[in-house]
Amino acid sequence: MKILITGGCGGVGLKLRKELGSRFERVRIFDRVADTLAPNEESIVGDVADFDAVLKATQGMDAVIHLAAMPVEGSFQEILQSNIVGTYNVYEAAFRQGAKRVIFGSSNHAVGFYPRSQKIDTTVAGRPDSRYGLSKCWGEDVGALYADKYGVKSMHIRIGNAFDYPGSVRALAIWISARDLAQLVMIGLEHPEIHNTIVYGVSDNKACWYDNAAAYALGYKPQDHAEDQTDKALEGEKSVKQDAVAEYYQGGPFCSIEYAGAPVPAKG
Ligand SMILES: NC(=O)c1ccc[n+]([C@@H]2O[C@H](COP(=O)([O-])OP(=O)(O)OC[C@H]3O[C@@H](n4cnc5c(N)ncnc54)[C@H](O)[C@@H]3O)[C@@H](O)[C@H]2O)c1
């Protein structure tokens, strides 16, 4: 399989290249920056907001793992170019070049305004907690259009926290190990029932507030558990700025940024 990874030089991209790179015949990395390459890798430096560059990068590829993005909250202009225009470009290029699937690096922040007390599955409506989260809702909808209308299949992985270890109490609910994320990506690339499929990108965490039945139905068997690294989470929590809004909602600190909504219920 020949795979294009946008944003392949970032944190998640590097993890997936390490876990999965050798399984693919060819890995083409499209990123704003260059990187040292493995023998089966090649690199194109460019911006996903540049359609012609994305179209060229997608030529001859079987599938795209789309990670390039502004990965945190930013100004609307930043989010607009990298996340909104960029994601549209990736799907349109995939369609025009005959790539069959897109794995979209979506985010827990697409549904960040659900309270932590509520278990949510993948059928709930979006509740973005930021302009960043909104751009992930948009990306999932772009995937829906391209699956239904143009036949480009998608898996949207609402990644929780893909760092080396869970670095906060919130991460104990939403952390995912590199190997579990890699497993989800492979399901997205290979499973015959993928059409426009949303899953949560989380390991098998006791504190999880997601019902990830959609992923389990596709055979996902996570190997890792955030609670095995509780000591690191508690250590990291010491430097987390505490506030009531962040503690109430699943999206945590992304919910508190610019928050001018109703007061959240007091902790009971
Ligand atoms: N890391 C996580 O825990 C996490 C959680 C939820 C979602 N995600 C999503 O996963 C993806 C990867 O996240 P990450 O943590 O690796 O971020 P990162 O910032 O480490 O990597 C992003 C990469 O994309 C590139 N990039 C950014 N804008 C670009 C543009 N306009 N054109 C071309 N390249 C561009 C950057 O150079 C970088 O190499 C993002 O879409 C992010 O929203 C990550």
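Biologist: In β7, which residue is the bridge partner of isoleucine 159?

Modeller: Please note that this is a predicted model. Strand β6 covers residues 153-159 and pairs with β7 in the parallel sense over six bridges. Within β7, the bridge partner of isoleucine 159 is glycine 201.

Biologist: Which strands stand at the edges of the sheet, and why is one side of each left without a neighbour?

Modeller: The sheet is open and consists of seven strands, paired in parallel, in the order β3-β2-β1-β4-β5-β6-β7. From one strand to the next the twist averages 20°. Two strands have a single partner each, so one side of each lacks a neighbour in the sheet; these edge strands are β3 (41-45) and β7.

Biologist: At about what angle does the direction of α6 run to that of β5?

Modeller: Helix α6 spans residues 178-190. This helix packs on the sheet and touches β4, β5, β6 and β7. Its direction and that of β5 make an angle of about 140°.

Biologist: Which element gives the largest share of the shell around the ligand?

Modeller: The ligand is surrounded by 24 residues, the closest being Gly7, Gly10, Ala69, Gly105 and Ile159. Two or more residues each come from α1 (11-20), α3 (76-97) and β5 (101-107). The largest share, three residues, is given by α1.

Biologist: Which residues touch the most other members of the largest nonpolar core?

Modeller: In soluble globular proteins, nonpolar side chains tend to be buried together. The largest share of this core, five residues, comes from helix α6. Leaving aside residues up to four places away in sequence, valine 64 touches Leu4, Thr6, Thr58, Val90, Ala94, Ala99 and Val102. Among the 56 residues of the core, those touching the most other members are Val64 and Val102.

Biologist: Is serine 203 buried or exposed?

Modeller: Serine 203 is placed in the loop between β7 (196-201) and α7 (213-217). Beyond four places in sequence, its contacts are Trp175, Ile176, Ser177, Asp180, Pro222, Asp224, His225 and Ala226. Because 25 C-beta neighbours lie inside 10 Å, serine 203 counts as buried.

Biologist: How many Å apart in space are serine 203 and asparagine 161?

Modeller: In sequence, serine 203 and asparagine 161 are 42 residues apart. In space, taken from C-alpha to C-alpha, serine 203 and asparagine 161 are apart by 9.7 Å.

Definitions and conventions:
Residues are numbered from 1 along each chain as its sequence is written. This is a predicted model: local features need pLDDT of at least 70, side-chain atom pairs count only at pLDDT 80 or more; totals for chains, interfaces and linings use all residues. A residue is near a molecule or strand if its C-beta atom, placed from the backbone, lies within 6 Å of it. Helices (H or I, at least four residues) and strands (E, at least two) are DSSP runs, numbered from the N terminus. A nonpolar core is a set of buried Ala, Val, Leu, Ile, Met, Phe, Trp, Tyr and Cys residues joined through C-beta atoms within 7 Å. A residue is buried if 20 or more other C-beta atoms lie within 10 Å of its own, exposed if 12 or fewer, and partly exposed in between; C-beta atoms are placed from the backbone. Two residues are in contact if their C-beta atoms, placed from the backbone, lie within 7 Å. Two strands pair if DSSP finds at least two bridges between them. Axes are lines fitted to C-alpha atoms, for helices over the stretch in contact, and angles run from 0 to 180 degrees between N-to-C directions.
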